[in-house]
Amino acid sequence: MVENLHSNIADRLEFARQQIADFASLAGRQSSDVKLVAVSKTKPIDAIITAYHAGQRCFAENYVQEAVEKIQALSNYSDIEWHFIGPLQSNKTRLVAENFAWCQTLDREKIAKRLDQQRPSNLPPLNVCIQINIDDEDTKAGIAIDDVLPLAKSINSLEKLRLRGIMSIPSANTNLQDQMHSFHKLKQIFEELRLIYADVDTLSLGMSNDLENAIAAGSTMVRIGTAIFGARNK
Ligand SMILES: *Cc1c(COP(=O)(O)O)cnc(C)c1O
């Protein structure tokens with residue numbers, strides 16, 4: 001049973017890599033331009049170790065407390081790159097600043113300043129993405145496209161943060177045409193940022209269900225949970 005679970009994760013990871021390669025190739029892109037981040041939220045440490053042994057090094061978590069427990073338990077695996085991708089309240093910023101390499105859900109100047117102040121000086125700058133609420137959904141965090149440039153400017157002035165790009169979770173309920181329209185708007189603001197800020201190289205877009213279109217639209221980072229670790233318990 002346990003054997004099975006583990007070989008499943010390795011197989012699914014391999015399948016996800018193959019899909020990224022195929023979709024990149026269909027879009028005339030290099031698969032090495034699309035980084036795979038494995039979303040391990042709610043999944044046990046064993047599952048992460050299995051994925052690690054299958055070559056995966058980037059993992060993402062949504063819940064600060066759960067994440068920090070896992071990161072500490074896995075501190076021997078020092079080449080794991082941890083990404084925070086959940087909603088971030090100001091009382092949790094210190095834990096993110098101290099434990100993660102990336103925060104992909106930055107959407108407020110106040111949070112940016114706290115992360116900057118709380119990032120330990122012995123660590124490299126915290127890589128950050130601005131989260132955009134591209135389909136203007138009430139249930140989702142993130143800012144409007146029009147607010148991206150001012151926030152980028154203030155992030156760029158903070159020494160312990162490194163602006164790497166943008167992240168978005170597009171609506172799962174749109175038709176293909178609307179979805180592509182949203183993806184293209186994200187690609188456009190990403191290109192604008194890239195012209196201004198030398199460190200910007202990340203368009204974090206695409207999950208288990210919209211991988212193909214995200215890669216076609218120019219995503220450089222996909223965040224995949226279910227397709228690697230299986231369904232999560234609600
Ligand atoms: C949970 C989550 C994912 C992974 O979604 P799957 O559908 O399981 O691939 C990606 N990004 C964010 C921000 C998430 O919260």
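Which residue lies over the face of Tyr 52? Select Arg 57, which lies over that face at 3.6 Å from the ring centre; a charge sits over a ring if NZ of Lys or CZ of Arg is within 6 Å of the ring centre and within 35 degrees of the ring normal.

This is a predicted model, in which local features need pLDDT of at least 70 and side-chain atom pairs count only at pLDDT 80 or more, while totals for chains, interfaces and linings use all residues. Residues are numbered from 1 along each chain as its sequence is written, and side-chain values use heavy atoms, with hydrogens and water left out.

The structure holds three aromatic pairs (ring centres of Phe, Tyr or the six-membered ring of Trp within 6.5 Å; planes under 30 degrees apart are stacked, over 60 edge-to-face, the rest tilted). Next, select Tyr 52 and Tyr 77, an edge-to-face pair with 4.8 Å between centres and 85 degrees between planes. This pair links distant parts of the chain, 25 residues apart: Tyr 52 is in helix 2 (residues 45-53), and Tyr 77 is in the loop between helix 3 (64-73) and strand 3 (81-84). Helices (H or I, at least four residues) and strands (E, at least two) are DSSP runs, numbered from the N terminus. Tyr 52 is buried at 13% relative accessibility, whereas Tyr 77 is partly exposed at 23% (buried is under 20% relative accessible area, exposed over 50%, partly exposed in between; 1.4 Å probe, protein chains only).

Finally, select Phe 84 and Phe 100, an edge-to-face pair at 5.4 Å and 75 degrees. Phe 84 is buried at 0%, and Phe 100 is buried at 2%.
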